Amino acid sequence: MDAPTPDARAMPTITYGPPIAMLAEVTHRCPLSCPYCSNPIELTKRDGELPTEVWVDVFRQAAELGVLQMHLSGGEPASRRDLEDLVTACREYDLYSNLITSGIGLTEKRLAGLQERGLDHVQLSLQGVDAEMADLIGGYKGGYSRKMDVGKWTTALDLPLTLNAVVHEKNIDRLPEMIDLAVTIGARRLEVATVQFHGWADKNRAALMPTREQAKLCGQRVAEARERLKGTLVIDYVPADHHADYPKPCMGGWGSTGLNVVPDGRVMPCHAAHTIPHLVFDNVKERPLAEIWEHSSAFNAYRGFDWMQEPCRSCDRKTRDFGGCRCQAMAMAGDAAATDPVCIKSPLHAKMQAMAQADAQSDGELTYRVMPK
Amino acid sequence: MIPENDIPRLLSGCRTKYDKVRGNWVLLAPERAIKLDDIGAAILAETDGVRSLGGILDVLAEKYNAPRDQISGDVVKFLESLRDRRMLEVS
């Protein structure tokens, strides 16, 4: 370690290198209105979105900073007419480009054009295994059928395809069919991600929270399918942490591996960080990305271990799970520096599990994501 | 096992790149960036979709002046791990 500089005491312990991945939420516009959307409740309108040239410059800065993978997301990134230019910029700066899409807004021709411009990978969302379920959750009639077309076009073009299935109380039992679908359509990867209950999803806890039994069966099925489909389909799994005993290592540690730029240019350590009200986010319109990564107060707020309270501070798991999810701590403990209530050592653990169980056993109307007028 | 006559090939969407910021080679793949050590980088540099496994072993043995039998196990293990992760195919 270097000798401490005069202001070192005010600085957190440096435990991070350059970011590996950037999530570019290029728009909040989306034809779908999934009730668990990870976008904030207060969505940015079209006129608040960064223009093409600013995104392109941010991509250049990201590549210089050390970002290897650029995840083009939204909203629906295909809602932007300049998606082609954004993909071109990724290739120009030698960034691996990943299109995270609902499929709506893509045609076979547009997809082939994106591939020509250097698109590396397509991640297609899956709301269900039939039109009835998928269109109910997505709130968009005809969405499922279009999605299946997009999946087929993608694999026919020899673009690698990942299906991203968000699972919850209403569709988690149909996981075997989702796995079959992924194999049939020729996806190389399947992400099975249990709904994370922030933002919009938090409004839908009663409708979407899986039961402990459902979550357990899902985990067993994933393990079985991974073994059976080795070399055919890779499965990534985000379990239902409300039914777990230890928290997930959220973001691999706050501000350690990735950053998220939202449509209006603010830079966040994760896509739910806006739920922590006291954080102040710097904007790429006002500050270079490298400076934001290193000095932004929001990024430094929970970096390393110095911010931790007990029981995290003296816990030997802290280097593995980093105290869990800051946004979940904020939501349940009212303090983003508290232990994630998912952890069995949290004083709120029992309360959180009881709430999750109550939500799992009740049902409710779906509250869909809506754009402001 | 991979027979020596078979040809390994990185799948579409999987490519290597020299990471100037960190000073090492990486394999970029869907949702993954894998840091390559010198051996991994050397193997993938010869995995061009034309050479057979046997051909790759010949080149590596010659280039690094290493006994072919000794490196064979590591090379196959590495390629198989990429195949299991759907980043490489063998034909």
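**Exercise 1.** How many residue pairs are in polar contact between chain B and chain A, both residues at pLDDT 80 or more?

*Solution.* The model is predicted. Between chain B and chain A, 15 residue pairs make polar contact. Now turn to the elements of chain B that touch chain A. Those that give two or more residues are β2 (15–19), β3 (24–29), β4 (32–36) and α3 (68–84). Next, sort the residues on this side of chain B. They divide into 10 charged, 8 nonpolar and 2 polar.

**Exercise 2.** State how many salt bridges link the two chains, and check one pair.

*Solution.* The count between chain B and chain A is 5 salt bridges. Take A:D94 and B:K17, which form a salt bridge. Their closest N and O atoms are 3.9 Å apart. The cut-off is 4 Å, so the pair qualifies.

**Exercise 3.** Describe the extent of the contact, then find which residues of chain B lose the most area to chain A.

*Solution.* Start with the residues: chain A gives 32 and chain B gives 20. Then take the area. The two chains bury about 2,000 Å² between them. Carbon and sulfur atoms carry 48% of it. In chain B, the residues that lose the most area are B:R15, B:E31 and B:R86. Together they account for 32% of what that side buries.

**Exercise 4.** In which sense do β3(B) and β4(B) pair, parallel or antiparallel?

*Solution.* They pair in the antiparallel sense, over 5 bridges. One place to look is B:L28, which stands opposite B:A33 in β4(B). Then inspect the turn. The hairpin has 2 residues between its strands. Here B:E31 takes a positive phi near 60°.

Conventions
Residues are numbered from 1 along each chain as its sequence is written. Chains are lettered from A and ligands numbered from 1 in the order in which they are written. This is a predicted model: local features need pLDDT of at least 70, side-chain atom pairs count only at pLDDT 80 or more; totals for chains, interfaces and linings use all residues. Side-chain values use heavy atoms; hydrogens and water are left out. Contact means heavy atoms within 4.5 Å. Buried area is the accessible area (1.4 Å probe) that two parts lose on being put together, summed over both. A salt bridge is a side-chain nitrogen of Lys or Arg within 4 Å of a carboxyl oxygen of Asp or Glu. A polar contact is a pair of N or O atoms within 3.5 Å; within protein, one must be able to donate a hydrogen and the other to accept it, and residues adjacent in sequence count only if both atoms are side-chain atoms. Helices (H or I, at least four residues) and strands (E, at least two) are DSSP runs, numbered from the N terminus. Ala, Val, Leu, Ile, Met, Phe, Trp, Tyr, Cys and Pro count as nonpolar, Asp, Glu, Lys and Arg as charged, and the others, Gly among them, as polar. Two strands pair if DSSP finds at least two bridges between them.
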